[in-house]
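Please look at the sequence and the structure shown here, and then read the short report that follows.

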Amino acid sequence: MITEFRKYWLLIMLAAFIRPIFAAADIEVNINVEPQTITVGENINVEVTVSGSDVDSIAGPKYESDSNFSVTGKGRRSEISIVNGKASSRISYTFTLSPSLDLKPGRYPLPRGTLELTNGRVEILKEQQVTITQNFPTQAKDTSGNLDFAQIVDNLSPYVGEQIRYHAELTTAIPLQGINFSEVNYLDLLRESLGEAKQQVKSLGNRTLATVWLDEALFPNKQGEITIPARKVTVQVKVRNSNASQRSRFAYDVFPDLLNIDAFRIENRNIIAPTINLNVKPLPPAPLEQAYYPVGNVSLNATIDKNNVKEGESITLKFTFSGDANLRPLELPDINSLVSKDFRVYLDQPEFSSEINSGRIFQKKTFSVALVPLKPGTFSFPEIRVAVFDPQAQKYSILKNTAHAINVKPDPNIKNTLEKEEQAISAPLGIEKTDVKILNVDLLPQHLGAETFAPMSSPDSLLLPIVVVLAPIVSLLLIYYRGKLHLYKNRPELVKQLLAYDNAIKALGEPAIGDGIQKFDTILRQYIGDKFIVNGHSLTPDQARQLIKDQLSHDQLADKVRDILKAGENTKYAAGSYIQQLNSASFRTEVSDIINALNKAMRR
């Protein structure tokens with residue numbers, strides 16, 4: 001009996017020793033890090049999930065703070081599942097890591113994590129890394145109790161036209177009923193929204209903080225000192241009434257959503273973040289002369305749809321600029337001066353789009369150029385050269401396309417058509433001399449008497465001289481108008497120029513749906529573009545002023561056009577009190593007056 005007991009005792013001890021090893025071998029560990037790209041001031045959530053048949057007996061994972069990250073929170077949740085009679089467990093441990101405020105942009109490893117198994121062995125968890133993007137070095141804060149509001153920029157000394165990331169953030173440790181960011185009138189700054197306001201809940205030790213933030217992209221359009229105005233945020237806070245009865249307070253604490261009664265009231269609080277001053281640097285001298293220089297990381301992609309065509313067959317070239325610069329004012333160089341006179345050139349309206357990536361806005365602008373060859377041969381389309389300033393490298397780069405060889409084959413149909421058109425224009429009314437034949441000649445008058453020798457003073461007698469005089473005039477008029485029709489047919493931009501005023505007045509009379517100010521701004525730009533045969537939608541206010549000054553020699557009218565286009569731009573790129581000062585009806589009247597003044601000036 002003793003011998004058998006010793007055998008069983010040894011088996012029991014061996015099983016007790018081996019079981020943790022097998023249990024440990026049956027353990028699975030998964031690590032999830034969110035987010036993997038942050039800015040300094042944002043937290044990282046690390047979730048370690050341990051699953052297996054006997055995870056309850058395993059000590060949880062540990063993360064120790066290091067010089068780059070501090071571990072500020074920890075949570076635990078467990079799940080048990082039974083499949084085919086076999087039980088398995090899963091426990092998730094959550095850690096909150098906060099980066100040091102001294103960290104520079106780069107990629108950093110997270111603190112080392114360990115997991116202690118039941119057999120005493122310590123496993124080192126797989127190293128995780130995160131990327132820290134550019135920090136916001138400048139803050140303007142206003143702290144009021146448990147509310148902290150700041151507006152922040154990522155660059156205090158940008159170049160003219162360089163993108164600045166703007167960040168307004170409210171942090172609170174108390175529940176809020178409502179949050180409203182005031183709009184800001186940005187003077188000398190173009191604004192692009194980076195989306196609606198976002199919200200996140202963070203855990204810092206035993207405190208829970210809610211953060212609401214708003215991101216925007218700003219582009220300074222002049223050098224020198226520019227001030228970002230103070231911004232206000234209005235929050236609704238639930239405040240306990242001092243005169244509320246103990247009964248109502250107890251009822252509210254037990255049934256907060258059902259019995260609001262008189263225990264609390266909603267109170268509005270305003271917090272203001274002070275101004276931020278920017279020192280905007282001018283661009284250095286450029287290697288090329290052009291109206292506008294994009295500032296940022298910009299690339300050019302040029303394509304041509306075909307290289308081999310016939311006479312009269314259209315060729316389409318596309319030039320696509322993309323990057324983090326402001327590409328709205330960008331224009332192509334004068335294509336007509338670069339292309340041979342053996343081509344007709346037609347420019348389409350540019351296509352514009354934008355997207356948000358990593359807290360910055362990236363824009364894309366595509367120019368389409370249609371070329372129609374007028375004669376056969378081999379032609380080379382020259383390079384398009386655009387200077388772009390890189391603020392990181394602090395120098396200009398030249399974007400250019402590859403020169404394309406265009407082979408044009410003759411088309412006899414085109415040649416015959418042109419010859420017929422020339423013959424038709426040279427022959428008035430299409431009547432040739434051979435069309436009129438002399439059938440007979442009267443040697444003597446058919447009637448004799450007094451009527452024969454009467455003076456030619458009757459209306460019928462005057463008809464022939466009138467026809468003789470008017471026939472050449474009518475022929476010349478027909479030739480003139482036929483040439484005009486031929487010209488308008490081959491140059492549709494002249495038709496737009498002719499109808500520009502009527503189309504603008506008609507569009508102004510239509511009801512405005514949505515943003516009326518933007519509609520009337522578009523109508524004015526369309527009129528300027530059609531009347532002066534330019535791309536009016538991409539003109540900057542200063543370019544429009546210079547165009548009207550050069551074409552009409554009217555400084556006062558040119559200044560008015562610049563001012564109203566600036567007002568229209570501010571409604572799109574700025575916001576807040578400035579927009580509220582504009583009225584859609586008065587803006588329509590101003591646009592109408594300017595269009596009438598331009599039309600009158602061009603008729604002189």
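Helix H6, which covers residues 492–509, has 18 residues and reaches 25 Å from its first C-alpha to its last, close to the 26 Å expected at 1.5 Å a residue, where the expected span is 1.5 Å times one less than the number of residues. Helices here are DSSP runs of H or I with at least four residues, and strands are runs of E with at least two, numbered from the N terminus. H6 bends by about 55 degrees at Leu-499, the bend being the angle between axes fitted to the seven residues ending there and the seven starting there. Among the buried residues of H6 are Glu-493, Leu-494 and Ala-500; buried means under 20% relative accessible area, exposed over 50%, and partly exposed in between, with a 1.4 Å probe and protein chains only.

This is a predicted model, in which local features need pLDDT of at least 70 and side-chain atom pairs count only at pLDDT 80 or more, while totals for chains, interfaces and linings use all residues. Residues are numbered from 1 along each chain as its sequence is written, and side-chain values use heavy atoms, without hydrogens and water.

Tyr-480 lies in helix H5, residues 459–490, and counts as partly exposed because its relative accessibility is 48%.

An open sheet of 3 strands has the order S2-S10-S7, with mixed pairing. Strands S2 and S7 stand at the edges, each with a single partner strand, so one side of each is left without a neighbour in the sheet.

| Edge strand | Residues |
|---|---|
| S2 | 37–38 |
| S7 | 106–109 |

S2 and strand S10 (residues 129–132) pair in the parallel sense over 2 bridges, pairing being counted if DSSP finds at least two bridges between two strands. Ile-38 has Ile-132 in S10 as its bridge partner.
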